[in-house]
Amino acid sequence: MGIMLTQKFHDWMKNVREKSVGDESSSFWGDEYIYAKEFMGRLVALERQLHGSGDPDEIVTNALKAGCDFYQAEWCGVLDIDMELGVLMPYWYYSSMENDPTSDLFREVEFLESLPGWVDALQKGRAVIVPDVGEVKNIASGEYETYKKLEMQSLIGAPYRKRATGFVVVKNPARHKVRAEFLQMLSYVVVAEVNERKLLESARVIVPPEQLLNPNDVLVKLFGELEIFTSRGMMREADLKSPKGCRLLVYLLLNQNRRMPSRELAAVIWPEEETDHVMQNIRSLLYRLRQTLEPLMEEHLIETTLTGYCLNTRLNIMTDCKQFDEYHAAAEKVSGTTSKIELLKKAAVLYRGSLFASASSEQWLIPYETQYHIRWIKVMDQLLEMLDQTNNHAELYQYSVTALGIEPARMDFWYWSIHALTVNGSQELARRELESARIILDEQDYMVLKNRLDCK
């Protein structure tokens, strides 16, 4: 933790120095220096306190206490977000108040419909800073009511989005009310420990999909994070604890009908090393992978052949990539509008982001990654246009926003989301969406978008 946070701090300090160069009015050597000195002191103290600790509860509790102390806040906590369900809930928190009201103020969950600014901030990776909640009363009444219910006069929230999703928040800070940097540092600590705890929890309650009833059925999700499902349960990429083993498996899944020579696999897994030297390591890598996957299936997922390796043909192995291809191909052939829309929806839902995201942009994966991304854009373009043609603007907005979460720089997705809001009479939300597009899109695309909306 120490190395990571110290590097983040130095990166921030470098940015501050660069901004202060040539600015005669800069207060870097005044208030900024005092702020930075305290910042570093708190950070070093926290690192010393947590040195050698492996307990997620101890680490997060002390990190949240440090946040309370630094901001002189009433409360510092982790608000976990489930974007799919649209809910937010306290996951971990520390209170400096003698009689902590958290359990009374928070419902079991808060709904994101009343916090659109938080959703926007999470998607863009920026902090939520509200030095006075009264300032948002007239522009975001839902947020204002939520803040009042939670007895918040001011707040700062730093987003995290690495497997787990949410915010680290301080409530009613007495100082540094517009400075989110320390909280952003704490978010790097928190997200690692939240993921650790969730991994332990999920290992105890993992339930396989209902459709996997046959012991020979295997479903592998390759879009986004690698996940493997069988009738016995599921494992995520982190559970496999072998980045090279995951690459071996994914490469075979993307070439499901081929028997793979050892040299070709070695070139993918160890591209920087001599092929003859690393081929012998494949067998030990495969052994460890089989041991890890053993709780999920009786049969081995990968088999050896006289010429190399292949997937076990006795297993019914399905990937989300293959399902995507099947839905896409079927949509291309069908003529009925309703049937085509349903097939395109099924394809769209499967795409959760870049193919095998942890290896994104690695040379061997780029052709597959590019191919599926182009197909997904084609699916989304067709689907969004057909939803508009059939006047299904609620789903048009839903699917366009989901698409923007994956490809925020695509002007067409912004057009459909804003158009859907406009048609449904949500003029203020449409205006805010257009402002968000202006920030993200380059100037030329933004002007094209604006002209297109004006002409509609």
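User: What is the strand order in the open sheet of four strands?
Analyst: In this predicted model, the order of the open sheet is β9-β8-β7-β12, and the pairing among its four strands is mixed.

User: Which strands stand at the edges there?
Analyst: The edges are taken by β9, residues 233–236, and β12, residues 316–319; each has a single partner strand, so one side of each is left without a neighbour in the sheet. Going from one strand to the next, the twist averages 15°.

User: How do β7 and β12 run, parallel or antiparallel?
Analyst: Strand β7, which covers residues 217–221, runs parallel to β12, and four bridges join the two. Within this part of the sheet, Val220 stands opposite Thr319 in β12.

User: And which helix lies across β7 and β12?
Analyst: That is helix α12, made of residues 320–333, and its direction is at about 70° to β12.

User: Changing topic: which residues of α6 are buried?
Analyst: Helix α6 spans residues 141–149, and its buried residues are Glu143, Tyr144, Thr146 and Tyr147.

User: What do the buried residues of α6 pack against?
Analyst: They pack against β3 (110–111), α5 (116–124), β4 (128–130) and β5 (155–162). As for what follows α6 in the chain, Glu151 comes after the helix and has a positive phi, near 60°.

User: You mentioned β5; how many of its residues are buried?
Analyst: Six of the eight residues of β5 are buried, so the strand is largely enclosed by the rest of the structure.

User: Which strands does β5 pair with?
Analyst: One is β4, which runs antiparallel to β5 and is joined to it by three bridges, with Ile129 standing opposite Ile156 in β5. Another is β6, residues 164–171, which pairs with β5 in the antiparallel sense over eight bridges, and there Tyr160 stands opposite Gly166 in β6.

User: OK, on to the nonpolar cores. Which residues touch the most other members in the largest one?
Analyst: In the largest nonpolar core, which has 79 residues, Ile302 and Leu449 touch the most other members. The helix that gives the most to this core is α14, residues 366–389, with 10 residues.

User: What does Leu449 touch?
Analyst: Leaving aside residues up to four places away in sequence, Leu449 touches Met411, Trp414, Tyr415, Ile418, Leu434, Ala437 and Leu441. Apart from this core lies another one, of 34 residues, and among them are Leu50, Val60, Ala66 and Val194.

Key
Residues numbered from 1 in each chain as written. Predicted model: local features only at pLDDT ≥ 70, side-chain atom pairs only at ≥ 80, totals over all residues. Heavy atoms only, no water. Pairing = 2+ DSSP bridges. Axes fitted to C-alpha atoms, helices over the stretch in contact; angles between N-to-C directions. Contact = heavy atoms within 4.5 Å. Buried < 20%, exposed > 50% of the residue type's maximum accessible area, 1.4 Å probe, protein only. Core = buried A, V, L, I, M, F, W, Y, C linked by side-chain atoms within 4.5 Å.
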